[in-house]
Amino acid sequence: MRNLEDELFPSTPGKVKIERAHAISRQFHRCFASTSTMFLWALFLIALTASYLSFQSFVDTSSKYFHASWGGMHWERQIRNSAQPRRQNGFSVLVTGASGFVGSHASLALRRRGDGVVGLDNFNSYYDPSLKKARKALLSSHSIFIVEGDINDAKLLAKLFDVVPFTHVLHLAAQAGVRYAIENPASYVHSNIAGLVTLLEACKSADPQPAMVWASSSSVYGLNDKVPFSELDRTDQPASLYAATKKAGEEITHTYNHIYGLSITGLRFFTVYGPWGRPDMAYFSFTRNILQGKPITVYRGKDRVDLARDFTYIDDIVKGCLGALDTAEKSTGTGGKKRRPAQYRIYNLGNTSPVTVPNLVAILERHLKVKAKKNVIEMPGNGDVPFTHANISHARAELGYKPTTNLETGLKKFVKWYLSYYGYNPRGVRNL
């Protein structure tokens, strides 16, 4: 056997060098060929993977495009059809909070006179969403399309303004209620401030810029004790977080009017009531509890003074909203820049005839033909104010606003709707 030295140092070095050179060359070519093949396979696999990922991305994008809660060709077609006016020189109006109490009534009124209407609502659970869904169904029966989405969704808003050049925005979406702010204060900031700013950003960037009419509140008068409440009165003493967010909204809208030329009208609603109303409102919950034989809580102010509200029927409020839209001037900005000063207005929308809560209960008892079980207690410090009373002289002069429905008539209509909607027979016994 050859030893280790023979293996390392062969006896014929020249021949071995030649053979070794050929061997090395063959190994090199084999290695090179093998490496080239592997490289080509690697390129092929990379290309295949890239193609798969690209296709998967396309499928995902297409799926989102066709199956998302908003977006897609069919969705855009529905938006355009709903926004199309049916009358000469009609408006195209985006109504936020369209499945809400005031929003649903205003949307129907706009559609009935021939305006184009697109609704936006997030259907939150502040009160029973089934009531909102029922309002949506009512609007759908009148060919009004409702987008399910949030006013804080900037991409959704941008898409809506891209699809339709809205002439007006009727902004009624908000977190309502005075007492709920104690439980969930963040919801008021989210909807009434952040949501408002997001909507204003979309409006100022839109081309053309729409005119905006939006719902402020009589609650901005807060601790003001001068009656009736006038738009010229001080509003820097809010009594609740809800009131503070609405007052902040007035300041924010003024800023966007001043900087970007948005035409803006704020409407201070005074205790709106009527059919399809909000279940958290006193007249609504009183009706429910009276029919169910449950006691109702009636608050009383200091020194045993009865609380009073300027109850305003929904049809009168809607007339005020339409009057504000009809008299709104065009915004003056373009490309997010103001060209000249734009219109800015604030109006009270009330009934001018405050009624005490005990009188409200008495009217309900007459229409329901059921006696209420009342617990009368002193009003807690939860943000409520003892009275509201609207001075509507400015709205009357400039909007043609003239309320015509008193509380007796309005509650009669509400009770008729309530008994029908919730399935009660005329004697107050529910049909099961």
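This is a predicted model: local features need pLDDT of at least 70, side-chain atom pairs count only at pLDDT 80 or more; totals for chains, interfaces and linings use all residues.
Which residues does S217 touch, not counting residues up to four places away in sequence? Let me begin there: S217 touches Y242, K246, L267, R268 and F269, where contact means heavy atoms within 4.5 Å. Residues are numbered from 1 along each chain as its sequence is written, and side-chain values use heavy atoms, with hydrogens and water left out.

Staying with S217, you will find this residue in the loop between β5 (211-215) and α9 (241-260), helices (H or I, at least four residues) and strands (E, at least two) being DSSP runs numbered from the N terminus. S217 counts as buried because its relative accessibility is 6%, and buried means under 20% relative accessible area, with exposed over 50% and partly exposed in between, for a 1.4 Å probe and protein chains only. S217 and L349 are 132 residues apart in sequence, yet 9.1 Å apart in space, C-alpha to C-alpha.

Y283 brings us to helix α10, where Y283, F284, S285, F286, T287, N289, I290 and L291 are buried. Eight of the ten residues of α10 are buried, so this helix is largely enclosed by the rest of the structure, and what covers those buried residues includes α4 (101-112), β7 (272-273), β8 (295-300), α12 (357-368) and α14.

How do α10 and α14 meet, then? The axes of α10 (residues 282-291) and α14 (residues 407-421), which are lines fitted to C-alpha atoms over the stretch in contact, come within 11 Å and cross at roughly 55°. The contact is made by Y283, F284, T287, R288 and L291 of α10 and by L411, F414, W417, Y418 and L419 of α14. Finally, just after α10, G293 takes a positive phi of about 75°.

Definitions and conventions
Axes are lines fitted to C-alpha atoms, for helices over the stretch in contact, and angles run from 0 to 180 degrees between N-to-C directions.
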